[in-house]
Amino acid sequence: MSILLTKDTTFIVQGITGREAVNLTRECLDYGAKIVGGVTPGRKGRDVHGVPVFDTVAQVVEANGPVPDGSVVTVPPAFTRDAVFEAIEAGVKLIVVVTERIPRRDVAAMVELAEMRGARVIGPNCLGVIVPDACKMGGIGGPARDAAKAYTPGPVGVMSRSGGMTTEISSTLTAAGLGQSTAVSIGGDAIIGSTYAELMPLFEADDETEAIVIYTEPGGRMEAQLAEWVADNDSSLPIVAFMAGRFMDDEEMKGMSFGHAGTIVEGEEDTAAQKIARLQAAGIPVVERIDEIPDAVKEKLGARV
Amino acid sequence: MRFFEYESRRIVEMAGIPVTQYGFCTTAAEARKAAEEIGGSVVIKSQVLTGGRMKAGGVKFADSPDQAEKLAGEILELEINGQMPRGVLVDPKAEVAQEYYAGVVWDGTRKRPLMLFSDMGGIDIEEVAEKHPDHVGRGHVSNLLPVSDFQAKDVVAQTGVTGSELNRATPILARLARLFAERDMTLAEINPLARLEDGSFVALDAHMEMEDEAKERQKALLDELGIASDDTREPYEPSEFERRVRAIDAADHRGVIQGRDHGFHGNLGLVIGAGGGSLTLTDAVRSQGGKPANYSEIGGNPSVAKARGLAREVLLKDGVEKIAVMMSIVSNTRVDIVARGVIKACLELERDPAETISIFRVPGAWEEEGARILERYGVEYCNRSVSMWEAARRAVEKVP
């Protein structure tokens, strides 16, 4: 199996008529995704690559029959909170927020409403989720033929704070003969809908997933939270981590963020060195090179058998 | 973005939290006038965006307007942690009975704002939390429901504070939590929050930081505080390189480029595709003994002109011998456009692309076309079968 998506997952695209959204729709359709509608207020009656466009999420639901399983939200930052609320209140349970530069307060509000309604938010500032050869929800992996080159079905679950590196890592795994059960670009912001630790129970419950690879960065407590989760839950799923941005630990780089908004180091605990120590203390090896990941995974898988 | 103390006090004041009758001054003469108006002893505080003012001599007490003028003049000339002060704040010396701490921060794990209160103010809250955990009260608030006073009361009461102190501190913490949300703050602290001899509470210092992403919708507040849109409040003065890359990026809405060189002093210029890849490759260059001259990102769908602009600025940096251009797999940035831009920059500066570009890692959109262009100019390139680490190694080898 997989987590979050299957080949039967239906979803909509909010903001579907935007330039990036049009590309993303094409890519997902080519990969075999079931996009049942799109929403752009004021554009009802058009279509994007054959996907009908509506003014509201409620209209899509009415036209489609069942409530779509998910929504990819790619609207400007000032409108994202409202768009996500609209999807959640229409009964959509999986919301992938692509938009970046959304103020934290708005993200936190989306997540809180999602919790109340039993929905899940992935992102913001992410490229989405892919289940190799089954479904792709978001720009993850790029055009379908590129995604097919990088991703193959297999036993490794991938979670990454960087969208691009989700694919770089998966491609490296693929080249080493290790496929992926599900790859999730979790987003690069300080507050995101689903952290590593929050997705772990799903991977843990998934029959197909036998190991996890995470891409991590300085900033925030997400890695510490994962280390705590592993210790508290006596998890048997082996995890391998890669830490980027070690150079940010330099004295001269203090107070700066690089790459993603969430890399801002606000306390001693957020530094790369501290995170590496924490992860290792929890039994999670932290490799220095992307190309070391496959061997580290194989070693873990071997030890498990 | 971080606010100066005088701005933070104004923000607190606008939220209905009592402050002293302070004055913000940019000259010694103004400081004298402010001290005269206040009457009695005053405190003069350097207005810099950094901690440790007291230790550095940026906070002084004056008993007369003459002395205030003299001390303000000295503080205005005093550099603290590399920063010259924006001005000084002249504050009446308060008759303090007790100091408290009130603050609101983001709890990233719970994804909610966290109210903090302590009856041991005036020192670092982390220190209090570590040494006297029973003197720190905590409470989360919702992102959807308005903050209720009772929530703040619970937090204050946790520290054992009761009586009229509890009733006076409660609305202050509640208002701080409301302003934190309404103003998109990432940090809102009053430390110390003082109880004066007459029992009233007053904010004696405030530290506010607002999320950069919220600048646009907080424009009214920034205007009210007189903060110009180009006042970026970076932790350091941007370099010529950084300013120029920013200008090139702003001039064209297609694609995004970023270039930074604060803290980088090397000879290998970097042009790298997108966030996570840039972090990974910068590490890979350094770990293998390379000396990066800068950090950079190129993402989205940039024009040739933008790619050229970034490459040109990197090449023009002092001490840059060669550049490495490295893309991670499927950044949706077109490799051929980046290749064209980088080669154009080389040619314009009369540098041979084959000599100047140490390595070009091509995986990405339109990579075949990119490879063809690179071949034409004899540039060494590699595809996804060469890892980021290996590509970085090859670049480092060429610039000893």
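A nonpolar core is a set of buried Ala, Val, Leu, Ile, Met, Phe, Trp, Tyr and Cys residues joined through side-chain atoms within 4.5 Å. Here buried means under 20% relative accessible area, exposed means over 50%, and partly exposed covers what lies in between, with a 1.4 Å probe and protein chains only. The structure shown is a predicted model, in which local features need pLDDT of at least 70 and side-chain atom pairs count only at pLDDT 80 or more, while totals for chains, interfaces and linings use all residues. Residues are numbered from 1 along each chain as its sequence is written, chains are lettered from A and ligands numbered from 1 in the order in which they are written, and side-chain values use heavy atoms, with hydrogens and water left out.

In soluble globular proteins, nonpolar side chains tend to be buried together. The largest nonpolar core holds 66 residues, and those that touch the most other members are A:Ile95, B:Phe3, B:Phe117, B:Leu176 and B:Met208. The greatest contribution to this core, nine residues, comes from helix α7 of chain B, residues 163-182; helices (H or I, at least four residues) and strands (E, at least two) are DSSP runs, numbered from the N terminus. Another core lies apart from it, with 53 residues that include A:Val213, A:Phe247, B:Leu279 and B:Tyr295.

Buried positions in α7(B) include B:Leu166, B:Ala169, B:Thr170, B:Ile172 and B:Leu173, along with B:Ala174, B:Leu176, B:Ala177, B:Leu179 and B:Phe180. An α-helix has 3.6 residues a turn, so residues three or four places apart point the same way. With neighbours within four places in sequence left aside, B:Leu176 is in contact (heavy atoms within 4.5 Å) with B:Ile17, B:Ala102, B:Gly103, B:Val104, B:Ala188, B:Ile190 and B:Met208. After the helix comes B:Asp184, which has a positive phi, near 55°.

Turning to chain A, its secondary structure consists of 10 helices and 14 strands. The radius of gyration of chain A, 19 Å, is close to the 19 Å that the globule rule gives for 305 residues, so the chain is as compact as a globular protein of that length. That radius is taken over C-alpha atoms, and the rule is 2.2 Å times the number of residues to the power 0.38. Along the principal axes, the C-alpha atoms of chain A fill a box of roughly 55 × 40 × 30 Å. Of the 305 residues in chain A, 60% are buried. Among contacts in chain A with a separation of 6 or more, 72% are between residues 24 or more positions apart.

The two chains also meet each other. The contact takes 60 residues from chain A and 45 residues from chain B. Between them the chains bury about 4,200 Å², with 53% of it on carbon and sulfur atoms; buried area is the accessible area (1.4 Å probe) that two parts lose on being put together, summed over both. On the chain A side, A:Arg105, A:Glu112 and A:Phe247 lose the most area to chain B, together 16% of what that side buries. A:Phe247 is also among the members of the 53-residue core.

Several local features complete the picture. A cis peptide bond, with omega about 10°, joins A:Gly123 and A:Pro124, and A:Pro124 lies in the loop between β7 (120-122) and β8 (128-131) of chain A. In chain B, the bond from B:Asn191 to B:Pro192 is cis as well, with omega near 5°; B:Pro192 is found in strand β8, residues 185-196.

Positive phi values occur at B:Glu350, about 55°, and at B:Trp366, near 60°. B:Glu350 sits in the loop between α12 (335-348) and α13 (353-356) of chain B and counts as exposed at 74% relative accessibility. B:Trp366 belongs to the loop between β15 and α14 (367-376) of chain B and is partly exposed, with a relative accessible area of 48%. Strand β15 itself, residues 357-361 of chain B, contains B:Ser358, which counts as buried at 0% relative accessibility.
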